[in-house]
Amino acid sequence: MTRSPRVRASNEDDDLTRLGDEEILALVQTRARRFERQIRLRDWREVIASGVVAVLIAPAVARGPLVARLGGAVILAGLGLIVFRLWRARRMGGRSLTDVTLPVASALGAELQRVNAQIGLLGSVAWWYVSPIMVGSVVMVAGRNGRGAWLQTLAYAALAALLSWGIIALNQRAVRKTLQPKRDELLALLARLDS
Amino acid sequence: MPSEREQAFLTLVRENDARLRRICRVYAHDAESRKDLHQEMLLQLWRSLGAFRGASSAATWVYRVALNTALTYARRRGSLFHVPLDDEQLAIEHVASPLGTEDMAEADARSAQLFAAIAQLDAVDRMLVTMHLDERSYREMADVLGISESNVGVKLHRIRKALGRMLTEETV
């Protein structure tokens, strides 16, 4: 085996400040706490948002016209579906962003899998995120308005459709602009490791 | 009084300090970025410490954590394919040795050239060079990267040729 070139030690002694033991421990412990808090917040954000919406919708499911109650029930089921899909996606993808203890090729492979799952999730957002909530809310509004106010119901449906289109377009943009380049980058790195 | 975990972490960091610093130098282009990356590596080592079972050597394990962190860092910074050297970096690399002897100044300059050339390599090649400079065996490098030893050999051969070319061009 060819020996590596000797590099003078002083050249490794760069401009990084040398920290004392206590400083190192304080640094990693503070940053670790902040990191865990961010992950927890991310994990619970959708659950809390869904919970709040569920509490607001619940009375409409308990009383009022039958069609409106049906719409409310569809929204509640939709919220449950959203929480389940996100929970499953995180469970399959692992909690942290990258398992840094894996060999580099395996870590990149795991991340590629996670990015592919995210692409699938955002690509199908119309079915598991947008449709149940929008359809449910339109049915609920229609039930509340009754036949006499069909024009308002129609206007609400048009607004809901526009909003749905916006959400779907935003997610597709995120796939195109962020996730696909990320996937390409990971594939390029894996190919580079393999070549 | 540090706990057992804290003590193990501090020992690991102290024993691998030069490695971590070398990786920072190879993957981050200015003082601020190097500091950021160094702290990120310390954080990841701390968070992953519980997963270290001693199946591989401590150095191999540290390399995995540090290089995965550096790679993520390089991806975030868009410096996967080369590290842009700024004026500050060049100034650091050309600073005279504190002892001021000619030999040491020459060694500094040679090393600065080498690191400038390494910065032109892509992120994967930089990983191999970093470990090669640390005289890690092919087996260890293969273990860190998750590729075969023969692949390591082929890549290092290619890298040496590329570095040689770059350094020759620079001195001509």
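Which elements does chain B run through, from the N terminus on?

A: This is a predicted model, in which local features need pLDDT of at least 70, side-chain atom pairs count only at pLDDT 80 or more, and totals for chains, interfaces and linings use all residues. Residues are numbered from 1 along each chain as its sequence is written, and chains are lettered from A and ligands numbered from 1 in the order in which they are written.

From the N terminus on, chain B runs α-α-α-α-α-α-α-α-α. That is nine helices and zero strands. Helices (H or I, at least four residues) and strands (E, at least two) are DSSP runs, numbered from the N terminus. Of the 172 residues of chain B, 36% count as buried. A residue is buried if 20 or more other C-beta atoms lie within 10 Å of its own, exposed if 12 or fewer, and partly exposed in between, with C-beta atoms placed from the backbone. Among contacts in chain B between residues at least 6 apart in sequence, 69% join residues at least 24 apart. Here two residues are in contact if their C-beta atoms, placed from the backbone, lie within 7 Å.

Helix H2 (residues 17-27) of chain B is mostly covered, with nine of its eleven residues buried. Among those buried residues of H2(B) are Arg19(B), Arg21(B), Arg22(B) and Arg25(B), as well as Leu20(B), Ile23(B), Cys24(B), Val26(B) and Tyr27(B).

The mean pLDDT of chain B is 83, and 83% of its residues reach 70 or more; pLDDT is the predictor's confidence in each residue, from 0 to 100. Among the elements of chain B, helix H5 (residues 87-93) has the lowest mean pLDDT (44) and H8(B) the highest (95). Over residues 87-99 of chain B the pLDDT is below 50, and beyond near neighbours in sequence this stretch has 17 contacts in the model. Where pLDDT is low, the predicted coordinates should not be read in detail.

One loop residue deserves a note. Glu135(B) has a positive phi of about 60° although it is not a glycine. Glu135(B) is placed in the loop between helix H7 (123-133) and helix H8 (138-145) of chain B. Glu135(B) counts as exposed because it has 12 C-beta neighbours inside 10 Å.

Now the partner chain. In the contact between the chains, 32 residues of chain A meet 49 residues of chain B. On the side of chain A that touches chain B, the elements giving two or more residues are H1, helix H3 (104-123) and H5 of chain A. H1(A) gives the largest share of that side, eight residues. By class, that side of chain A has 18 nonpolar, six polar and eight charged residues. Ala, Val, Leu, Ile, Met, Phe, Trp, Tyr, Cys and Pro count as nonpolar, Asp, Glu, Lys and Arg as charged, and the others, Gly among them, as polar. The model scores ipTM 0.82 and pTM 0.80.

Chain A itself has five helices and zero strands. Buried residues make up 18% of its 195 residues. Within chain A, helix H4 (residues 125-145) and H5(A) pack at an angle of about 170°, with their axes 10 Å apart. Axes are lines fitted to C-alpha atoms, for helices over the stretch in contact, and angles run from 0 to 180 degrees between N-to-C directions. H4(A) is therefore roughly antiparallel to H5(A); angles under 35 degrees count as roughly parallel, over 145 as roughly antiparallel, 65 to 115 as roughly perpendicular and the rest as oblique. The residues of this contact divide into twelve nonpolar, six polar and no charged.
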